[in-house]
Amino acid sequence: MASARLKYLSLGVLVFQTTSLVLTMRYSRTLQAEGPRYLASSAVVVAEVMKILACVLLVFKEHSYSIRALNSILRQEILHKPIETLKLAIPSGIYTLQNNLLYVALSNLDAATYQVTYQLKILTTALFSVSMLGRRLGVYQWLSLLVLMAGVALVQWPSESAATPEKEARSAGSQFVGVTAVLVACCSSGFAGVYFEKILKESKQSVWVRNIQLGMFGLVFGLFGMLAYDGERVRESGMFQGYNTITWTVVALQALGGLVIAAVIKYADNILKGFATSLSIILSTLISYFLLQDFDPSSVFFLGAVLVIAATFLYGYEGKPPANPSRA
Ligand code: C5P
C-alpha cells in the first residue's frame, strides 16, 4: 500500500517538476533583466550541490538520524569501494554534458518544441536497453518508435504561421543550434539512463548512496565545465552573478529532478516515467501557449505532438515485461 502511494506520489511530482523546470528555465533564459544574465554552467554546479546535500539527508534519515551510521555508510560504500564509485563517473560526466545542453536548447527553442523533440530519448533509451541490457521489444513497441519519429519530424516542420520577421531571425540559426543540442541530449539521456539502471540492478546499494556517488562526479565535472566555459566571467563577477529568485527556483527544480527520477526508478518504472513526461508535455504546451504566449502552434505541430504522445502510450501498451522494465 505504502509503496503504491509512493509510486503515484513520485510520478505526480515528476509531472510537476518536469513542467515547471522547462517553463521556468525558458522564462529565466529569455527574461530581459538588468545586469548580467546568470551563468548556466554555474546553475548546473549549484543544482548538483543541492542534490548531494538532499541525498545525504535522505541517507541520514534511512539510518534513524544517526551521525555515526551515516559516517560509516558513506565511508564503507563510497571511500572503501573506489571501483564501484568510479563506475558512476561515466553516467555522471554524460549527465553533466546533458544538463548544460539543456540550457543551450532552451535558450534557442520554445518550451513546447524542445520538450516534444526531447521525447526522442524514448527511442534512444529503447535502443540502448536492447543493446546493453539485452532487452526485447514487442511489435507495438517498435511500431510506437516509428510513430514517435514521425511525430517529432512533424513538430520540426517549418510552419507558415511562424514566419514573422522576428521569429524568422530567431528560427534561422537558433533553431538549428537548439535542435542539435536536443538531439545530442537524447543520445546522452538514453545511454546514461540505461547505464545507471544497469548499475542499480547489479547491486543492492541504496539508490540515494548511488545518487551521492553520481552527484560527486557531477560536481567535479560541472566545476571544470564552469571554469572552462565561463572562467573569465566567474573571476570578474563571481559564480553567482545574475542570480535572482527565478534562477534559484530553476536550480532547486533541477536538483529536485535528480531526486524524483531516482525515486521513480525505485518505486515505479521507466515506462511510467514516459507517461509522466508525456503528460507534462501537454501541460507545458498549454501553459507556453496561454500564459507565456511565446508559442504559436500550427496544426502540423499539434498533429506531431499528438503522435508523440500516442507513441508513448503505445510503447507502454505492451511494454510491461515482468522482470526488466526499461528507462523509457
Ligand atoms: O531527461 P533525462 O531523464 O535523461 O534526465 C535525467 C536528469 O536527471 C538529468 O538531469 C540527471 O542529471 C538527473 N539524474 C539524477 N540522478 C539520477 C538520474 C538522473 O540527478 N539518479
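Two residues are in contact here when they have heavy atoms within 4.5 Å of each other. This is a predicted model, with pLDDT of at least 70 needed for local features and 80 or more for side-chain atom pairs, while totals for chains, interfaces and linings use all residues. Numbering starts from 1 along each chain as its sequence is written, and side-chain values use heavy atoms, leaving out hydrogens and water.

**View 1. Here α5 meets α10.** On the α5 side you'll find A89, P91, S92, G93, Y95 and T96, and they touch L214, F217, G218, F221 and G222 in α10. Sorted by class, that makes six nonpolar, five polar and no charged residues (nonpolar is Ala, Val, Leu, Ile, Met, Phe, Trp, Tyr, Cys and Pro; charged is Asp, Glu, Lys and Arg; polar is the others, Gly among them). Helix α5 covers residues 89-108 and helix α10 residues 207-237, and they pack at about 50° with axes 8 Å apart. That makes α5 oblique to α10 (under 35 degrees would be roughly parallel, over 145 roughly antiparallel, 65 to 115 roughly perpendicular, and the rest is oblique). Axes are lines fitted to C-alpha atoms over the stretch in contact, with angles from 0 to 180 degrees between N-to-C directions. Helices are DSSP runs (H or I, at least four residues) numbered from the N terminus.

**View 2. Helices α7 and α8 cross here.** The axes of α7 (residues 121-133) and α8 (residues 139-156) come within 10 Å, at roughly 145°. The crossing is left-handed (the near helix is turned anticlockwise from the far one by less than a right angle; clockwise would be right-handed). I122, L123, A126, L127 and V130 of α7 make the contact with W142, L145, L148 and M149 of α8. Class by class, that's nine nonpolar, no polar and no charged residues.

**View 3. This is the largest cavity, about 710 Å³ in volume.** A cavity is a set of points on a 1 Å grid over the protein atoms alone where a 1.4 Å probe fits but cannot get out, and lining residues have an atom within 4 Å of a point. The volume is the space filled by probe spheres set on the points, which are joined across faces, edges and corners. Of the 36 lining residues, Q98, N99, G257, G258 and I261 are the closest to the centre. Helix α5 gives the most to this lining, with seven residues. The lining splits into 16 nonpolar, 15 polar and five charged residues.

Technical notes
Helix = DSSP H or I, 4+ residues; strand = E, 2+ residues; numbered from the N terminus. 1 Å grid on protein atoms, 1.4 Å probe; cavity = no way out; pocket = protein on both sides within 12 Å on 5 of 7 lines; lining within 4 Å.
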